[in-house]
Amino acid sequence: MESRNFLRFLAISLSVSLVLFFTWVHLPYAPQPNTTTDLLYCSTNSPWCTSKNRFQSISKPSTADNILEKPPNPKHHNHESDTPHHPLDPLTISEINRVRTILKSHALFRSSSPFAFHSVVLEEPDKTLVLQWKKGDSLLPRKAAVVARVAGKSHVLTVDITTGEVAVQETGSRSGYPTMTIEDMTSSTWAPLSNADFNRTIIQRGVDLQDLACLPISLGWFGEKEENRRLIKVQCYSMEGTANFYMRPIEGLTVLLDMDSKEVVEISDKGRDIPIPKAANTDYRYSAQKINPEMMFVNPISIEQPKGPSFTVEDDHLVKWANWEFHLKPDPRAGVIVSRAKVRDPDSGEMRNVMYKGFTSELFVPYMDPTDAWYFKTYMDAGEYGFGLQAMPLDPLNDCPRNAYYMDGVFAAGDGTPYVRSHMVCVFERYAGDIGWRHSESPITGMEIREVRPKVTLVVRMAASVANYDYIVDWEFQTDGLIRIKVGLSGILMVKGTSYVNTNQVPGQQNLYGTLLSENVIGVIHDHYITFYLDMDIDGSDNSFVEVNIKKQKTPPGESPRRSYLKAIRNVAKTEKDAQIQFKLYDPSEFHVVNPMKRTRVGNPVGYKVVPAGTAASLLDHDDPPQKRGAFTNNQIWVTPYNRSEQWAGGLFVYQSQGEDTLAVWSERDRPIENKDIVLWYTLGFHHVPCQEDFPIMPTVSSSFDLKPVNFFESNPILRIPPNVEKDLPVCKPAASA
């Protein structure tokens, strides 16, 4: 019986800690998720896909007329034969296998010492070479950037895939360890079961081993006792009676584990008097809901495209849509990377450079509970867990609408074996009834003018389920040249068990560190910071950062009936410290990236500006250990000179790092940035004080920021787009309604 329970525990732990098969896409007490039977599929070949006027004159067809055409399911791509076409294309299956073969014959890996590959990705060619490359040119030499651990030491290597040459890079004396492998996480969750004290503790807590689910939790860095050893903490939950085990924590039980030896270093159990919350009302799956018959639900909705989508994806990674073109690829750490973004000028017809590279650099999620089982929960999801490694297959019709294009990720496992993360990214067009521009003339002018243009956008989306939390990241491209980067937060709260079932039981002076959400369940206050790397190349690589400060000016006495007005004062940042920006509500500014060497016909420098949102700022002390590691959130905007080694805001090796290799440290060098190849960093911030509506699963909360043209075009770039007309927009109806 005990061995059978162990095997079931192992299977549960593997599936839980992999975090590969949990996608939280259904809201509790919500309408049923979309299915293909709910959403009609319009094709121009169908007589029921027609304009409203023509629909009236069509006789009802027979069932043989195939009036409802099912859309094709997302295609499963066979990646075995993939070949690169662009210098920035990700490594293919054959290339990853080649890297694995090369390294296994290298002296570093030939010994009997254990090793693991923590990252195997494309070593991108020099930026100057990529900018010079044109389609039809010979592909630039293909190399792999590899992070590996051998015999307890971290190594960074460059592998020439063609020649087989291996260069071992100098990593210096930086602290920290590479991103965990999936194997690190899975093995850490079941390792405590080999410890008799742990088993006794679980039994004493009244939990059956077959109902046990455990999670690997990064522990940050809090002093010398955690140095020179790769450690992880493990906390566990009861799955009895619910799929939502996160709501049933075994509170106060924490296992400190050596991640390499799998030795249990310490067991802390300070919650024996805290009951495990009940399973009732915690399941979020649609099949588990009891629907109130009085509730009114919306009918299924789908935006149809009878002529198909307007975008194309060439050679698997080059996206072309309307006036935009960019390279897109999945990445195990960043999630998705958008490169070589260009927009077509409506006057000259030329493709103009906007951004060389953009991606999610780091996520910092500190919880605000200093007690024994919580103080260390200060996650860096990209550098510790791999934001892309936690990306889930997207759910057609619910994550992404019909006519979406799906892109897979090809990654390397810990032993170097390639595997495919299917449907990791989707690309689709969005129309939500928004308006691109409009104007109607007042009757007093005598002119009957009503001009309106619809806004259709292109969205690149991924969703990562980092254990309990789900992050939805959208890169949205607009025809007016704007890029909107949006992050949605959903999934399940990380909660704390408590003996309280009602707030009237809580002593007045006691700090719960959160909100009582349900009986015996506290949602702990926490922050989310998502820092983006944005290598802006506005009409070329050499750009400047300009803070346009909006200042109140007073009018001289007698000059005007007005007593004050606003003036825009432009300040060009000379060095990095000039561009360390903290937002101030009553000292507002605009933030421009301009090309000072290129001007419009009336003399303005062409540029883009950051339009801020999601501006929550970290309130932690700068000398608090988590904030030292997350010092890249000390400012909302940073600007640094381009340096290919400076891409990860928390440093190359984040796990157990001490904060000496972060964006904040690099920026203190105060290097020149005027008329240089510069990188802009922007941090979206959220303060989250949980509320009962977040239980048992959270409705999505989103925020975004924009990269908006500012004097980039000579005039409105969407002036010439046509309005919608009835004949272009078919109306679909099911046969039963005719």
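Cys400 has a relative accessibility of 1% and therefore counts as buried, where buried means under 20% relative accessible area, exposed over 50% and partly exposed in between (1.4 Å probe, protein chains only). The model is a predicted one, in which local features need pLDDT of at least 70 and side-chain atom pairs count only at pLDDT 80 or more, while totals for chains, interfaces and linings use all residues. Residues are numbered from 1 along each chain as its sequence is written, and side-chain values use heavy atoms, with hydrogens and water left out.

Cys400 is joined to Cys426 by a disulfide, with an S to S distance of 2.2 Å; a disulfide is here a pair of cysteine sulfur atoms within 2.5 Å. The link of Cys400 and Cys426 is left-handed, with -90° about the S-S bond. Distant parts of the chain are linked by this pair: Cys400 sits in the loop between helix H8 (381–385) and strand S16 (405–412), and Cys426 lies in strand S17 (residues 418–430), 26 residues apart. Helices (H or I, at least four residues) and strands (E, at least two) are DSSP runs, numbered from the N terminus. Cys426 also counts as buried, because its relative accessibility is 0%. The loop between H8 and S16 holds Arg402 as well. With 6% relative accessibility, Arg402 counts as buried, and its side chain is joined to that of Glu304 by a polar contact of 3.0 Å. A polar contact is a pair of N or O atoms within 3.5 Å; within protein, one must be able to donate a hydrogen and the other to accept it, and residues adjacent in sequence count only if both atoms are side-chain atoms.

By the sulfur distance rule, the count comes to two disulfides. Besides the pair described above, Cys214 and Cys236 form a disulfide, with their sulfur atoms 2.1 Å apart. This link is right-handed, with 100° about the S-S bond. It connects distant parts of the chain, Cys214 in strand S6 and Cys236 in strand S7, 22 residues apart. Both Cys214 and Cys236 are buried. Cys691, by contrast, is partly exposed, because its relative accessible area is 31%.

Strands S6 and S7 also belong to an open sheet of four strands, in the order S6-S7-S8-S9 with antiparallel pairing; two strands pair if DSSP finds at least two bridges between them. Strand S6 (212–217) and strand S9 (264–269) are the edge strands, each pairing on one side only. Neighbouring strands of this sheet are turned by 25° against each other on average, direction ignored. Axes are lines fitted to C-alpha atoms, for helices over the stretch in contact, and angles run from 0 to 180 degrees between N-to-C directions. Strand S7 (residues 231–238) and strand S8 (residues 253–258) run antiparallel and are joined by four bridges, and Val234 stands opposite Val255 in S8. Helix H6 (residues 182–190) packs on the sheet and touches S6, S7 and S8, its direction making about 130° with that of S6. Helix H7 (residues 196–204) packs on the sheet too, touching S6, S7, S8 and S9, and its direction makes about 160° with that of S8. Contact means heavy atoms within 4.5 Å.

Another open sheet of four strands has the order S2-S3-S4-S5, again with antiparallel pairing. Strand S2 (115–122) and strand S5 (166–169) each have a single partner strand, so one side of each is left without a neighbour in the sheet. The twist from one strand to the next averages 25°. Eight bridges connect strand S3 (residues 143–150) with strand S4 (residues 153–160), and these strands run antiparallel. Lys143 stands opposite Asp160 in S4. Helix H3 (residues 93–104) lies across S2, S3, S4 and S5, running at about 120° to S4.

Most residues other than glycine have a negative phi, and most peptide bonds are trans. A cis peptide bond, with omega about 0°, joins Phe695 and Pro696, and Pro696 lies in the loop between strand S32 (676–688) and strand S33 (698–710). Asp316 has a positive phi, near 75°, and is placed in the loop between strand S10 (311–314) and strand S11 (318–321). Asn711 likewise has a positive phi, near 60°, and lies in the loop between S33 and strand S34 (731–732).

In the chain there are 10 helices and 34 strands, and 54% of its 738 residues count as buried.
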